[in-house]
Amino acid sequence: MSTADDHRFMARALRLAARGLTTTTPNPRVGCVIVRDGERVGEGWHQRAGEPHAEVHALRAAGERARGATAYVTLEPCSHHGRTPPCADALVAAGVSRVVAAMQDPNPQVSGRGLQRLRAAGIDVECGVLEPEALALNAGFCLRMRAGRPLFRLKLAASLDARTALASGESQWITAAAAREDVQRLRARACAVLTGVGTVVADDPSLNVRLPAAERQPLRVVLDSTLRTPPDARLLGLPGGTLLLTALPPDDLRAQMLRAAGAELATLPAAAGGGLDLQAVAAELARRGCNEVHVECGARLAGSLLQAGLVDELVLYLAPLLLGDAARGLCRLPGLERMEQRIELEWRDVRRVGHDLRVTLVPRVRAAA
């Protein structure tokens, strides 16, 4: 049975895990704290894929003081050989007497086997301490492991009358500098930044992370069924790579030109009504190890993702201004004619960011789940 100290030390482990928010992809964010006689003797977090896991960092810091100690870890210790040895074996070898895990690993290669290995070695094991907080930290990783697709976070910016641009297409800038910097932090935590080719043609965005301390650039993904991306588009050739998802064959002349400009291409099934099959897009990004996909796009793709049930989180920045009914709307939802067809959302967070509001919502059916 967990104690107040268990919750306190697990909270510390979760704070450590969050230090890897922008760097661990495709791995989960994990923190570990080693405690002996009520004192923290070692701690660590997983920093980058391919490098030692959180448990290894914490055990190294603890040294011999790990023997007989309790290890608090935000995710079940791994039990398989990947790019690093199993952490469950490291905990056994270090002689810890108790392991408290926040949650079981959803990875089918682990999924309870790490906890079983610890119990078989005579270690007292408890799982489920601050589990909701641990799940929230790795929601994308858990979704990829359980459902075979990433978490999609749709970012939109609008006026108070839900307009994203003037009728002419002019939209710079609806929101102020603080909100735009906040968006950079959302990009930084994502494995990929996704947009549609219409946005590329209209705005020529870079879609990179422009924070001074950024250690990693996410993959940029463009849904471009007919390869309309210009070979001189700014997002081509930037660090992190650019992936164009298309319905055209790989030997198409336009495909060859875009590869020469620095793009990677993948051919996916087309949707019945045009564009790409969005479920196939989700599966392809999961296959590439994407846990979280940050979406910045126009009204058409935003509506398509919502109607496909692929928006797990909607982040809406609202600016204190009005653009009028002739301006462009937030998202297109064709076929929505009756109230029972509406897309219902659940409030998660509302806060001020500089001059603007940031509203975070999730689909109601997903909030209930």
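Biologist: How many salt bridges does the count come to?
Modeller: This is a predicted model. A pair counts when a Lys or Arg side-chain nitrogen is within 4 Å of an Asp or Glu carboxyl oxygen. By this rule the count is 29.

Biologist: Which residue does Asp 124 meet in a salt bridge?
Modeller: The N to O distance for this pair is 3.7 Å. Asp 124 sits in strand S5 and its partner in strand S4, so the pair ties together parts 26 residues apart in sequence. The partner is Arg 98.

Biologist: Which residue ranges make up domain 1 and domain 2?
Modeller: The chain is divided into two parts, with C-alpha centres 34 Å apart. Domain 1 covers 4–142 and domain 2 covers 148–363.

Biologist: What area is buried between domain 1 and domain 2?
Modeller: Interface size is often given as the accessible area lost when the parts come together. Carbon and sulfur atoms give 47% of the area here. Thr 22, Thr 25 and Gly 140 supply 46% of what domain 1 buries against domain 2, more than any other three residues. The buried area is about 900 Å².

Biologist: Which residue forms a salt bridge with Arg 29?
Modeller: Side chains of opposite charge can pair when their charged atoms come close. For Arg 29, the closest N and O atoms are 2.8 Å apart. The partner is Glu 292.

Biologist: How many salt bridges are there between domain 1 and domain 2?
Modeller: On the side of domain 1 that touches domain 2, there are 4 nonpolar, 5 polar and 2 charged residues. Polar contacts between the domains come to 5 residue pairs. The salt bridges between them number 2.

Biologist: Which peptide bond is cis?
Modeller: Most peptide bonds are trans. Here one has omega near 5°. Its proline lies in the loop between helix H1 and strand S1. The bond runs from Thr 25 to Pro 26.

Biologist: Which residues does the UniProt annotation "binding site" cover?
Modeller: The annotation comes from an unreviewed UniProt entry. Its positions spread over 35 residues of sequence, yet they cluster in space, with a largest C-alpha distance of 9.2 Å. One of them, His 53, lies in the loop between strand S2 and helix H2.

Technical notes:
Residues are numbered from 1 along each chain as its sequence is written. This is a predicted model: local features need pLDDT of at least 70, side-chain atom pairs count only at pLDDT 80 or more; totals for chains, interfaces and linings use all residues. Side-chain values use heavy atoms; hydrogens and water are left out. Domain bounds come from an automatic or database domain assignment. Buried area is the accessible area (1.4 Å probe) that two parts lose on being put together, summed over both. A polar contact is a pair of N or O atoms within 3.5 Å; within protein, one must be able to donate a hydrogen and the other to accept it, and residues adjacent in sequence count only if both atoms are side-chain atoms. Ala, Val, Leu, Ile, Met, Phe, Trp, Tyr, Cys and Pro count as nonpolar, Asp, Glu, Lys and Arg as charged, and the others, Gly among them, as polar. UniProt positions are given in the numbering used here, feature names are shortened, and annotations may be inferred rather than shown by experiment. Helices (H or I, at least four residues) and strands (E, at least two) are DSSP runs, numbered from the N terminus.
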